[in-house]
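Student: I'm new to this one. Can we look at it together, piece by piece?

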Amino acid sequence: MKRFSIHAALLAALLLFALPLHAADLVVSAAASLTNAFGEMKEPFEKANPGTTLVFNFAASGALLKQMEQGAPVDVFASADQETMDKAASLIDAKSRTNFAGNALVLIVPSENGLPLSDPKDMEQKEVKLIAIGNPDSVPAGRYAKAALTAAGLYETLTPKFVLAESVRQALDYVSRGEVQAGLVYATDAAQRADKVRVAATVTGHKPITYPIALLQKSSRQDAGQAFIQFVQSPEGQAILSKYGFTRP
């Protein structure tokens, strides 16, 4: 098992603390898999809410939780799993918590010269030397992958091949660059690199993948934060999420 870590959570937290935030800024810490969808929401949300500027902080959900525990200035938190949001219970406004999207876990291989895999058990083949997954300790996609592979009786066998990524997007990068023979990522992430990766199979055997969102108790932008949560759940917000492959929770 190989780990690629440069204390990402700590570095990201320091960068967030260093941001020259303004009173009109609404800081949204969101799972890395939401980068494209939330990024597209910025313009229409700000147009509908004059005077509010969205500032996004994207990373693995576990890393974002650590940042908030260290006091990072965050108004809204969107996680890729329920477990991480549960761990943030003392930080969030429980009444504001709601689920807004769903996803799927897929097995991917490089499009160019990729192995002809079609099932998770194919990763046992000797030709598959490295497999990228999110670090299960901090990356929800990694926890879903661990659960699915454990249910299939494959986790222990495949562990020596794992390259543990600090986010699902990093796992995607490893596969798209051909640095590993296979990877487990969200379907929405695979769709962003359709020219570089091929979806070999949809992976099952894990809990449903649902995304919760909530206000932070210490946020000074409660009204603006609630407005963003409502926008994410609105027909316009849901259409953007659907465009990037997310499903309704």
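Tutor: Helices here are DSSP runs of H or I with at least four residues, strands are E runs of at least two, and both are numbered from the N terminus. The model is predicted, so local features need pLDDT of at least 70 and side-chain atom pairs 80 or more, while totals for chains, interfaces and linings use all residues. Residues count from 1 along each chain as its sequence is written, and side-chain values use heavy atoms, without hydrogens and water.

Student: Is N113 buried or exposed?

Tutor: N113 sits in the loop between β6 (105-110) and β7 (131-134). Buried means under 20% relative accessible area, exposed over 50%, and partly exposed in between (1.4 Å probe, protein chains only). N113 has 74% relative accessibility, so N113 is exposed.

Student: Which side chain does K243 join in a polar contact of 3.0 Å?

Tutor: K243 is in helix α10 and is exposed, at 57%. A polar contact pairs N or O atoms within 3.5 Å; within protein, one must be able to donate a hydrogen and the other to accept it, and residues adjacent in sequence count only if both atoms are side-chain atoms. The partner of K243 is E40.
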